[in-house]
Amino acid sequence: MGCSWRKTLSFFLVFVPIYLHGASSQEAAPVGPRKLFFERLRRLEEQFRRFQEVTWTHLQSIASNYNVFYNIDVRFRSLAEESQAVAQAVNRSQASVQGELAQLKAWVRKLQCRSRKVDTRLRALDLTLGERSQQRARERKAHKAQRDALQDSLARLEGLVHSQGARLAALEGRLPVAHPGTAALGPALVPTPTQPEELGPTSLKLQRDRQELRAASEHGGPPQDSSAPLQGRREPPASGSHRVLSGTAPKDPRQQAWSPQVPGEICGVGPTLVFPNASTKNVVFLGPGFVTALRALSFCSWVRTASSRLGTLLSYATEDNDNKLMLHGRDSLLPGSIHFVIGDPAFRELPLQLLLDGQWHHICVIWTSTQGRYWLHVDRRLVATGSRFREGYEIPPGGSLVLGQEQDSVGGGFDSSEAFVGSMSGLAIWDRALVPGEVANLAIRKEFPTGAILMLANAALAGGFVQRANCTCLERCP
């Protein structure tokens, strides 16, 4: 670019002297040739101006290109410096990465060593667990064999107890009637149990478990249901209102004495509740309900019905289920049929047609969560039995316990079609399974079983037209 500019300037300096010399020499020439010469000179001037303009334009473009190239050169130098800085940073980061990789390799080697040790320990634990699982499997097989043997023995014992019960019933029919004021059966046939001593919570639990096992072994009946098990729900009845009145204070059942009686009379069983009609206001509350969870239950009472159907004898409702426990009857059921409900919707249908004759009958409904066994006794006779009914279940505490009505809500929701019409007397509830001997002694008024948790004396509230009568003998009650 510099060389082109210098060549143009040299040409211009050479051309100007030559032009001046030609002009001076033409002044002395004649006019004709001078005119031609001036014409040619004017054209040359015009050519020179155009050349000058072109040259100036070219020089300006050269200068601008020079500036551009200069800026590009500066940029190249700055880019080179930046690339050097980037290369240095990359080198430094590469060095740090290599250091970190070396540390990671060291950690990986350490982890591999530790994992090998852990694998060794896991293999040892695997072997130990395998041996223990095999040992437990052998123990389970041995326990299963023992349980099967115990069940076989229990089945044989049930058969023996059933046959002995039949023999005892036959002997009772042959015995003469006892003198008034004495027991119907002698001490040799039904021994009086000893008074229980004070026990701690653990001993009480062990005693209750033994009583449940004893009940399961002494009650007769087949291992499966013999009372037509049914499953289902009932439609909710209409709600009702009730009026309550205060009752009497509870008494200790062990202090209750059996009154003397004449042959054929049922005396000394305690207060009687009379439900005269099917009004939803006829309701009795048993307080304080169940204070602890129940894994076994015995409900016994003298009952006389005044209608052609059985109503609801007992209803226990909680906040989460209004049918936790129930002896439920309604006019749509088979006459004499009642539903024994534990934790709705599970229930069993119990046959109680014997109660429809308008006479007093003694009933006991017994259930235990051990194998879900249950029994129904009517007048000392085993009427129905079964198993696998709410096996392992617990009846929770804290609910509302009602006699004579079915609850569709806690303490309410009564329906007249489910109301009980008749009389109840000598009602008691135990948190254990009574054995047949205790049921028989209770039915003949010989001995009251120990451990009752609720009785009619606990009827704290009553409403409607329910009457409370204190009859010496049930046959004399209204």
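The model is a predicted one.

**Cores**

I began with the largest nonpolar core, which has 42 residues. Phe 290, Leu 325, Phe 340, Trp 367, Ile 395, Leu 403 and Ile 429 touch the most other members. I then picked out Ile 395. Leaving aside residues up to four places away in sequence, Ile 395 touches Phe 290, Thr 292, Ala 293, Leu 294, Tyr 316, Leu 325, Ile 342 and Trp 367.

**Ring pairs**

I looked up aromatic pairs next and found six. Tyr 374 and Phe 389 have ring centres 5.7 Å apart. Their planes stand at 75°, over the 60 degrees that edge-to-face requires, so the pair is edge-to-face. Tyr 374 is in strand β11 (residues 373-378), while Phe 389 is in the loop between β12 (381-386) and β13 (400-403). The two are 15 residues apart, and the pair links distant parts of the chain. Both Tyr 374 and Phe 389 are buried.

Trp 430 lies in strand β14 (residues 422-430), and Phe 448 lies in the loop between α4 (436-443) and β15 (452-455). The pair therefore ties together parts 18 residues apart in sequence. Trp 430 is buried, at 0% relative accessible area. Phe 448 is buried too, at 11%.

I also noted a cluster: ring pairs link Phe 340, Tyr 374 and Phe 389.

**Charges over rings**

The charged end of Lys 110 sits over the ring of Trp 107, 5.1 Å from its centre. For Arg 390, the charged end sits over the ring of Tyr 393, 4.6 Å from its centre.

**Salt bridges**

My search of the whole structure gave eight salt bridges. Glu 394 and Arg 295 form one of them, at 3.6 Å, N to O. Glu 394 is in the loop between β12 and β13, and Arg 295 is in the loop between β4 (283-286) and β5 (296-305). They are 99 residues apart. Glu 394 is partly exposed at 41% relative accessibility, and Arg 295 is partly exposed at 35%.

Salt bridges with shared partners join Glu 39, Arg 42 and Arg 43 into one network. Glu 39 meets Arg 42 at 1.8 Å, N to O, and Arg 43 at 3.9 Å, N to O. Glu 39 and Arg 42 are three residues apart in helix α2 (residues 31-174), so about one helical turn separates them. Arg 43 and Glu 39 are four residues apart in helix α2.

How values were computed. Residues numbered from 1 in each chain as written. Predicted model: local features only at pLDDT ≥ 70, side-chain atom pairs only at ≥ 80, totals over all residues. Heavy atoms only, no water. Core = buried A, V, L, I, M, F, W, Y, C linked by side-chain atoms within 4.5 Å. Buried < 20%, exposed > 50% of the residue type's maximum accessible area, 1.4 Å probe, protein only. Contact = heavy atoms within 4.5 Å. Phe/Tyr/Trp six-rings, centres within 6.5 Å; stacked < 30°, edge-to-face > 60°. Lys NZ or Arg CZ within 6 Å of the ring centre and 35° of its normal. Salt bridge = Lys/Arg side-chain N within 4 Å of Asp/Glu carboxyl O.
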